[in-house]
Amino acid sequence: MKQFNKIIIAGLSILLVFTSFNGFSQAAEKGDLSIAINYFILNNKVPYLMVKTTAKINGKFTNLSDIKLKLYLDKDSAGTFIGDVITNEKGEACANIPLSVKKEWASAVKHTFLATFAGNNKFDANKADLTVSRAKLLIDAGSDKTVTATVYELKDTTWTPVKGVELILAVKRLASDITINETPTFTTDSTGKASGDFKRDSIPGDVNGNITLVAKISDNDQYGNLRIEKTVPWGAKFVAVSDFNKRSLFATRGKAPIWLMFIATSIIIAVWSILIMLVINIFKIRKIGKEAL
Amino acid sequence: MENSIENDRIINDLLPQKFGKAGKIWVGFLVAVCLVGMYAYYRQLRYGLIVTSMRDYVSWGIYISNFVFFVAISLVGSLITAIFRLAGVKWGSPLTRIAEIIAVAAIIFASLIIIVDMGSPERFYNLFLYGRIQSPIIWDVIVITTYFFISILLLYYPLLPDIKILLRFREHSGERLYKFYNYIGSFWKGTPEQFRLSEKAINILCISIIPVAFTIHTVTSWLFATTYRPGWDSTNFGAYFIAGAFLVGAGSVVVAMYVFRKAYHLEKYITEDHFEKMGRVTVLLALLYLYFNVNEFLTPFFKMKKSEEGYLNGLFSGDFSVVFWFAILVGIILPVIILLFRQGRKPLPMFIVGIMVVVGAWFKRYLIVTPTLLHPFLPMHDVPASYRHYFPSWEEWAITLGSLAGTMLIITILARIFPIIPIEETLEEQHEIIAHHETV
């Protein structure tokens, strides 16, 4: 019996040692990485893609940096390769549609973009796709300060106006865009047009009063993100007012305000005149003392 | 004949006395502390301000606190000498020399300690060559220089009649001091014309020192108040600083009165009545300063603006609360309570109260400077841990203590060279008293 107990204890000890050795445990489960593809085209020129990678970590969606992705046009093959990208600290990476796929791009009115992630030690391999129809956006500024945007879709070989597309008419500012009037969005009619009156007359422009009008379609399921800009002289002319090199409390020493210099100098002269007078007074006392000898 | 004997006795009592054993130990101790401070300053010059604990946020530390403290103490010259004189307060005359000596010593070290705070003191002269008149720092440089000269003149003019007396006691003073007295005041013959010119000069000095004294401390307060920071963004600062300066000045005079009275056996000249009256002055100043403190802290506490919350909580209940409540309770409230009682205005309690006021005032200056710098409007991000806290390095302590010792050394040396109580004025008062008794 004693022998049996010894075997049981020895066996349990070995088991305990093995359970603490992670070589016997399963590899930690990898996280799920999700990829989002966004399509952009600015001023109807070279389109580009922006991909974003996120994952749910500790219950929160977190942007993933340093994720390497491969981007393709329509199919996963060397001939339609757009490029390799690596995400930044925001989890984002961008790539222009290169000249190498120009032929494929021109051959169809609708395209599917593919993004593939090969996987790493933290995340499993994954891929995503996005299909967009080729479209273009035009902007026109009327003499009566009306802004008109027109949306066209490429059907077969013809650019055809599209009805019912929601877009924004705005003025480009430094950090964001401001709508041309109180209406947040406009919808195109049967001619593919959407118009709005410009009501930002006092908006500051550049030195010539130029501002940049913007028409944009954002996150459209069919067309992606389109944006077009046009410069018009509808803003208020910017007149630079510079306090540099003018007399002020914060200017250089040579540009002190006159009133301050006057007051300060007056006080200094007044007080130090008294002090000098009092020093001279000592010499007077001294002279009297010598004469009294 | 009786008059002459009495005069000789007064002169004998008030002539500067050589250092006894205790005096020599005291001077030796002060010199030693100064030497340690000088060594620390050598290290600061050699290695730069990195030897201090001042960093990007706390760029004004214990040196600037000390500077404000010295400027505050120096105001006592204008209080005791000028304000008392112009107000016709006769009892204050034995204290005028003490006040002036303290003022001169303090203003010298106020000027020096500001240079110590500079990273490149060899460029100090640039302040005069290229200073911007728009900057309160330049106003402070101008006004401190002015105040220094006024204080020197206010010490020197009333000394002239005493120097004539000192020159009569060549054997007592020794050859070197005799030569010095001869150099600075042998021309004083005590002619009516000399007295007239001297009296006129002293009156002008007394009138001009008051606005300059107010300016020196107001401008020092503006060094802070013109900067947009929690705790400094106050319109109360000028008056608050001046009230505090008068209090610490009065406290320092009380301490000096007690020490000189004991050391030189001046009980007949600095009487209990002087302590009684200085006690009343001190309690009035403490109440005034308490009023300004209530103004300074109660309204921000009531509003508790988000941007000032960290600073105020740090003072009231945080890292600085022990020092804050020490400065308020020990430096202001307890002195008020003690001095309200007649027994509290006796020499020894007054001496203790004087020390409480001076020590409390020193820490109060530290609280004006440092907590604000640790609570900027824009929160600290990504900075080394040493930037978030401030505790002075040993070099800073050594230099600060060295400067305090240096101030006391100057006071001690001036008290050794010159009569600590004006002899001529005391004699005059004595004659007036006798003349008054004879008339009655």
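1. Some ground rules for reading along. Chains are lettered from A and ligands numbered from 1 in the order in which they are written, and residues are numbered from 1 along each chain as its sequence is written. Please keep in mind that this is a predicted model: local features need pLDDT of at least 70, side-chain atom pairs count only at pLDDT 80 or more, and totals for chains, interfaces and linings use all residues.

2. Ala250(B) counts as buried because it has 26 C-beta neighbours inside 10 Å. The cut-offs are 20 or more other C-beta atoms within 10 Å for buried, 12 or fewer for exposed, and partly exposed in between, with C-beta atoms placed from the backbone.

3. What does Ala250(B) touch, not counting residues up to four places away in sequence? The list is Val76(B), Leu79(B), Met278(B), Val281(B), Thr282(B) and Leu285(B), where contact means C-beta atoms, placed from the backbone, within 7 Å. Ile80(B) is 170 residues from Ala250(B) in sequence, yet their C-alpha atoms are 8.2 Å apart.

4. The largest nonpolar core has 132 residues, and Ala250(B), Val76(B) and Leu247(B) are among those with the most contacts inside it. Helix α11(B) gives the most to this core, with 16 residues. Apart from it lies another core of 46 residues, including Leu71(A) and Ile217(A). A core here is a set of buried Ala, Val, Leu, Ile, Met, Phe, Trp, Tyr and Cys residues joined through C-beta atoms within 7 Å.

5. In helix α3 (residues 62-74) of chain B, 13 of the 13 residues are buried, so α3(B) is largely enclosed by the rest of the structure.

6. Chain A has an open sheet of four strands in the order β5-β4-β7-β8, with antiparallel pairing; strands pair if DSSP finds at least two bridges between them. Its edge strands are β5 (81-86) and β8 (126-133), each pairing on one side only. Strand β4 (residues 68-73) and β5(A) share five bridges, and Lys68(A) has Ile86(A) as its bridge partner.

7. Finally, 23 residues of chain B are in contact with 19 residues of chain A. On the chain B side, α10(B) gives the most, with nine residues.

Terms used:
Two residues are in contact if their C-beta atoms, placed from the backbone, lie within 7 Å. Helices (H or I, at least four residues) and strands (E, at least two) are DSSP runs, numbered from the N terminus.
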